[in-house]
Amino acid sequence: MPQTDEPSGAQRMFGDFAPALVHFTDDVFFGEVWPRTEELSARDRSLITVASLLTSGSTEQLVFHLGLAKENGATEQELIEAITHLAFYAGWPKAMSAMAVAKRVFRGE
């Protein structure tokens, strides 16, 4: 993630409450793991992340990661198709919940 003067999402959510988690999120996870584009592209990492969040039922985190997936080159239609495809592997309720999040993110509903 590019460095800005704005606090990160982790900083806004946890700030002084959980500084180690903020550090690992910002500096290690987004600072070292996500930039490893020789191993996997950012687009591929995003698709994998969306799939993982859907299968684990972590829809709260999908809000951010669906937007990031679009920034990383995935189209809304590809993400909708991925969610539809995962319904058969992860379960219908998880896919329906994820699709509801996608609709809110993509259409503002």
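Buried residues account for 26% of the 109 residues in the chain. The model is a predicted one, and its chain contains six helices and zero strands. With a radius of gyration of 15 Å, close to the 13 Å that the globule rule gives for 109 residues, the chain is as compact as a globular protein of that length. Three salt bridges are present in the structure, and a buried acidic residue, Asp26, has no salt bridge.

**Overall shape and surface**

- From the N terminus on, the order of elements in the chain is α-α-α-α-α-α, and the C-alpha atoms fill a box of roughly 40 × 35 × 25 Å along the principal axes.
- Of the contacts in the chain with a separation of 6 or more, 54% are between residues 24 or more positions apart.
- The accessible surface of the chain is about 7200 Å², and carbon and sulfur atoms contribute 57% of that area.

- Side chains of opposite charge can pair when their charged atoms come close.
- Glu78 and Arg43 form a salt bridge in which the closest N and O atoms are 2.7 Å apart; because Glu78 lies in helix 5 (residues 76–90) and Arg43 in helix 3 (residues 42–56), this pair ties together parts that are 35 residues apart in sequence.
- Lys70 forms a salt bridge with Glu76, where the closest N and O atoms lie 2.6 Å apart; Lys70 is partly exposed with a relative accessible area of 37%, and Glu76 counts as partly exposed at 26%.
- The side chains of Arg36 and Glu39 meet in a salt bridge with an N to O distance of 3.5 Å, and here Arg36 is partly exposed at 42% relative accessibility, while Glu39 is partly exposed at 47%.

- Asp26 belongs to helix 2, which spans residues 19–33.
- Although Asp26 is buried, it has no salt bridge, and Arg12, the nearest side chain of opposite charge, is 8.9 Å away; a salt bridge would require a side-chain nitrogen of Lys or Arg within 4 Å of a carboxyl oxygen.
- The side chain of Asp26 does make a polar contact, at 2.6 Å, with the side chain of Ser8.
- Leaving aside residues up to four places away in sequence, Asp26 touches Ser8, Ala10, Gln11 and Gly31.

Technical notes:
Residues are numbered from 1 along each chain as its sequence is written. This is a predicted model: local features need pLDDT of at least 70, side-chain atom pairs count only at pLDDT 80 or more; totals for chains, interfaces and linings use all residues. Side-chain values use heavy atoms; hydrogens and water are left out. Buried means under 20% relative accessible area, exposed over 50%, partly exposed in between (1.4 Å probe, protein chains only). Helices (H or I, at least four residues) and strands (E, at least two) are DSSP runs, numbered from the N terminus. Lys and Arg count as positive and Asp and Glu as negative; His and the chain ends are not counted. A polar contact is a pair of N or O atoms within 3.5 Å; within protein, one must be able to donate a hydrogen and the other to accept it, and residues adjacent in sequence count only if both atoms are side-chain atoms. Contact means heavy atoms within 4.5 Å. The radius of gyration is taken over C-alpha atoms; the globule rule is 2.2 Å times the number of residues to the power 0.38. Accessible areas come from the Shrake-Rupley method with a 1.4 Å probe; for residues, only the protein chains shown count as cover.
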